[in-house]
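Please read this briefing alongside the sequence and the structure.

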Amino acid sequence: MKQFLDNLDTCVIILDKQLDPVLCNEKLLNKLEINSEDILDIKIVIDGKEEKNIISEIIEESKKIKKLKLDIRLITSKKTIELESKIVEDTFLDKDVIIIFSDNVKVINFNENVENTTIEKSIKKEIDKTAKCIERLNKLLDNLEKGKDVSKLIKAQDLKKDIEVMLGEIYKSKLIKKDFELLLGISVDLVGSMAINGQIKTSTVAWSKCLGWSEKELLNFNILDLVHEKDKDDFINILISSDEGVKTIENKIRCKNNTYKCFRWSIKLIKERETFAFTIRDITKDVEEQEKRKQLEEAIALESIKNEFFANMSHEFKTPLNIILGTMQLITKNYSDDNIVCNNNFDLEKYLKLIKQNSYRLLRLVNNLIDMTRIDNGYYEIKLANHDIVKIVEDITLSVAQYIEGNGINLIFDTNYEEYIVACDPEKIERILLNLLSNSIKYTKQGGYIYVNLNIDKHNINVSVKDNGEGIVEEKLPIIFNRFVQGNHILARPCEGSGIGLPLVKSLVEMHDGNINVESKVGVGTEFKFDIPNKKIDTNEYKNITASSTESSKIEKCNIEFSDIYGM
């Protein structure tokens with residue numbers, strides 16, 4: 001039906017049998033500048049009368065007349081409109097509704113001086129009626145107090161009607177009070193009043209729910225008893241001020257359980273009543289969120305400073321390291337060429353190896369720190385290209401065989417593939433594997449095993465490095481990839497380490513859009529598994545890394561990575 005009415009080129013309003021609006025068509029809603037859900041707020045006036053019993057009489061009369069022109073006004077908070085022409089014709093299509101049509105609508109804005117401002121007239125009428133009743137009742141009371149005969153006075157006025165009116169007003173005031181209390185109960189703000197000395201005079205149920213004090217307990221308090229010590233001076237300044245403007249202040253109020261909540265006050269002085277009226281909003285969560293944001297910002301700033309410090313220190317370390325390594329290589333070459341002669345009792349080669357090994361240890365730590373700070377600052381990039389992943393994993397595994405076998409550990413590489421092309425960064429894959437292998441070597445005893453396995457499925461390239469070493473305690477597993485965390489207690493560790501190798505591995509894997517996880521059991525062993533996506537980049541060729549072109553660099557990488565395990 002609404003769709004039908006909306007298509008009409010006329011204004012339509014439907015009333016129920018209580019003369020309340022039920023439906024307005026789209027044209028009328030546009031005239032009134034309201035939405036359909038606001039129609040219950042429309043005030044209806046017929047022939048200047050807004051009392052429903054009078055309107056009902058007019059409508060009843062219209063049943064006897066086929067066409068009746070009525071002056072109908074619809075009043076909203078924005079405007080008043082007058083339906084001038086057509087009227088109530090054949091309106092009783094249903095016993096429960098009345099349909100009013102109008103082809104012509106006259107808009108009367110509230111900002112104009114309209115004689116028939118029905119809302120104002122209605123309010124004035126109610127006030128006048130009540131005032132007259134009070135006046136007559138007061139006159140009757142005065143005569144009774146003076147002992148005069150009031151029988152004539154009672155006969156002269158409709159005392160019953162006056163009493164009924166007063167009882168009605170009392171009932172209305174009770175309903176208003178009830179509605180007001182309900183409104184305050186569901187309000188976000190706490191509402192109340194206090195004397196000019198701070199003594200609480202009124203409060204709402206919401207106060208009790210928020211602070212834990214009962215309404216009776218709150219009325220026994222001076223507000224200064226509840227305000228936090230640090231905030232009292234600011235609150236006192238408001239209490240002693242004579243300014244009647246609305247003041248806003250934030251402070252902490254003590255709850256019954258002796259905790260404090262943060263509130264934002266809006267306070268206004270009412271001089272003639274020597275009272276402060278106020279509303280309070282609980283902003284505890286807002287303050288806590290603000291504090292958390294502040295702490296987060298400080299943590300981010302501190303992390304940035306720390307990263308910058310590590311980056312600067314790492315670069316500062318590299319300069320003397322390069323000089324030491326360059327000098328050591330020069331001495332080693334001259335010693336091997338017999339350009340340097342030593343006493344037979346002095347083993348120079350032994351000390352040169354010691355210098356080299358510890359320089360590589362420092363270099364490994366510095367490189368890891370530089371890489372971590374680059375990753376954190378977004379300057380670290382991977383260079384994806386199509387490579388034979390089987391060859392990369394196999395070559396790096398075989399290149400460390402001499403280190404592993406030299407320590408009495410068996411190394412086994414297993415895969416079902418001879419070649420498989422995938423998009424990856426070979427340098428980063430080597431770095432990942434070297435870190436995982438060195439980690440296994442550190443904690444695997446002589447006679448133990450290290451297994452490197454490569455498997456491929458539809459979605460991923462899966463690589464695992466498994467050993468039967470001492471294992472990692474269960475509570476350390478969830479944080480093993482966190483920075484500066486060691487799998488074993490630092491005093492019990494048989495080998496040295498910085499605790500940033502595995503976090504770096506995790507970052508390198510994730511830069512490939514992959515994942516890494518660990519499974520371990522103390523006394524049984526540890527298995528690291530990582531995967532990268534099984535995909536290629538858009539190119540027709542792939543780069544085949546040959547052993548001859550990378551052999552020297554692999555040896556150098558192994559020397560650096562395993563410098564804290566073996567002597568050179």
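Two strands are taken to pair if DSSP finds at least two bridges between them, and helices (H or I, at least four residues) and strands (E, at least two) are DSSP runs numbered from the N terminus. With that in mind, Val-463 stands opposite Phe-530 in β19. The model is a predicted one, in which local features need pLDDT of at least 70 and side-chain atom pairs count only at pLDDT 80 or more, while totals for chains, interfaces and linings use all residues. Residues are numbered from 1 along each chain as its sequence is written, and side-chain values use heavy atoms, with hydrogens and water left out.

**The mixed sheet**
- Five strands form an open sheet in the order β14-β16-β17-β19-β18, and the pairing is mixed.
- β14 (410-415) and β18 (515-521) stand at the edges with a single partner strand each, so one side of each has no neighbour in the sheet.
- Neighbouring strands of this sheet are turned by 10° against each other on average, direction ignored, where axes are lines fitted to C-alpha atoms (for helices over the stretch in contact) and angles run from 0 to 180 degrees between N-to-C directions.
- Strand β17 (residues 460-467) runs antiparallel to β19, and eight bridges join the two.

**Helix α15 and the cores**
- Of the 17 residues in α15, 16 are buried, which is to say under 20% relative accessible area, with exposed meaning over 50% and partly exposed in between (1.4 Å probe, protein chains only).
- At the start of α15, a side-chain oxygen of Asp-425 comes to within 3.2 Å of the backbone nitrogen of Glu-427.
- The largest nonpolar core has 43 residues, and those with the most contacts inside it include Ile-429, Ile-432, Leu-433, Leu-436 and Phe-530; such a core is a set of buried Ala, Val, Leu, Ile, Met, Phe, Trp, Tyr and Cys residues joined through side-chain atoms within 4.5 Å.
- The largest share of this core, seven residues, comes from α15.
- A second, separate core of 27 residues includes Leu-226, Ile-238, Leu-239 and Phe-278.
- Leaving aside neighbours within four places in sequence, Phe-530 is in contact (heavy atoms within 4.5 Å) with residues including Ile-432, Leu-433, Leu-436 and Val-463.

**Asn-534**
- Asn-534 is placed in the loop between β19 (525-533) and α17 (547-561).
- The side chain of Asn-534 makes a polar contact with the side chain of Tyr-420 at 3.0 Å; the term covers a pair of N or O atoms within 3.5 Å, where within protein one must be able to donate a hydrogen and the other to accept it, and residues adjacent in sequence count only if both atoms are side-chain atoms.

- Another open sheet of five strands has the order β9-β8-β12-β11-β10, with antiparallel pairing.
- Its edge strands, β9 (200-202) and β10 (247-254), each pair on one side only.
- Strands β8 (residues 190-195) and β12 (residues 275-282) pair in the antiparallel sense over six bridges, and Met-194 stands opposite Phe-276 in β12.
- α10 lies across β8, β10, β11 (260-270) and β12, running at about 135° to β10.
- Lys-232 lies in helix α10 (residues 232-239) and counts as partly exposed at 21% relative accessibility.
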